[in-house]
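Hi,

Here is the structure I promised to pass on to you. Have a look at it first, and my notes follow below.

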Amino acid sequence: MDEQKIDLSVVDPSRDAERWETLVQSVVSRAVAARRRRLTVGYQLLAWARPALAIAAGVALVSWAGRLASPEPNAPVAEAQEDPAIVLAGWASNDERPPATQILRVLGERHAVD
Amino acid sequence: MLADDATAALVARAQRGESAAFEALVRAYLRAAYSVALAVVGRSADAEDVAQDAFLIAFERIDSCREPAHFAGWLLQIVRNRGRNWLDRRRWRDVPADRCVAERAPVALSSDDASLHDQLLKALERLGTVQREVVLLHDLEGWTHGEIAAALGMSEVMSRQHLFQARRQLRAQLGGQATGGENHG
């Protein structure tokens, strides 16, 4: 094994002790100042405002997309929400022959209400 | 390098906002942060900036350091990421490396040392990033293979192999100028 250390002292930033000390103090003072700033009310509000805004935008987007994806309310559904007696009377007076599934849906609604 | 429990205690104090703990962590790990930054960005002055920025980010996120005893590994990962971002930005704004004038060392150096500084950086540039990290942490910062392995997420055997290869290549390129006084494995 190559066991002799490589002399890397020329790239050692701490060889100038005074300069290195200034660097250390600079990092510490900036870190402490940033921490104090984060503890202020204004910063906290700002920190909360961003995610709150993002969540609101997300909810709006989902709501809008949901509205786009849902089908237009069609006649059978509208009819099913009405009183079955009225719907049946309407069919009879207009001499309509609705499909069996529609009749079952209208009667089922009524049954569920009862 | 500080012992794990001492580091964990300092991190806990830093999480409570004690500035003395911030300072102790900077004193303990800024050189290691610089070493890894230099391994990534390849220029001393840039490495200092990256190490400082990484420390500020680390302190900003100190509450999310879930394993305070492994602060070093967590910090060095931030340094690596910060260094890569720095490198990306530098590629956009800089002239190509082969046409770039020699970097001015941040520390005032004699003409011989300045020449060695440039040669050393060029020689380091030919190593892989991990080899650079290992040789800088070991031969500059003085970390053991156990400490390097824990911080960089590799086995001690791999750390030894990287160091061996890095030293061999650096010695081949730098000749007698590269030899230090102490023996370490």
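**What I found**

From the N terminus on, the elements of chain A run β-α-α-α-α-α, which makes 5 helices and 1 strand. Helices (H or I, at least four residues) and strands (E, at least two) are DSSP runs, numbered from the N terminus.

Some housekeeping before the rest: residues are numbered from 1 along each chain as its sequence is written, while chains are lettered from A and ligands numbered from 1 in the order in which they are written. This is a predicted model, in which local features need pLDDT of at least 70 and side-chain atom pairs count only at pLDDT 80 or more, whereas totals for chains, interfaces and linings use all residues.

On confidence, chain A averages a pLDDT (the predictor's confidence in each residue, from 0 to 100) of 78, and 81% of its residues score at least 70. Where pLDDT is low, the predicted coordinates should not be read in detail.

Burial comes next. A residue is buried if 20 or more other C-beta atoms, placed from the backbone, lie within 10 Å of its own. By that count, 11% of the 114 residues of chain A are buried, and for chain B the figure is 39% of 185 residues.

Chain B has 8 helices and 1 strand, in the order α-α-α-α-α-α-α-α-β. Taking its contacts (C-beta atoms, placed from the backbone, within 7 Å) with a separation of 6 or more, 69% join residues 24 or more positions apart.

Beyond its neighbours within four places in sequence, A33(B) is in contact with A51(B), A54(B), F55(B), L75(B), L76(B) and V79(B).

Finally, which chains supply the residues of the contact, and how many does each give? Chain B provides 41 residues and chain A 25. On the chain B side, elements giving two or more residues include α2 (19-41), α3 (44-60) and β1 (179-183) of chain B, and α2(B) has the largest share, with 9 residues.

Best wishes

Terms used: Two residues are in contact if their C-beta atoms, placed from the backbone, lie within 7 Å. A residue is buried if 20 or more other C-beta atoms lie within 10 Å of its own, exposed if 12 or fewer, and partly exposed in between; C-beta atoms are placed from the backbone.
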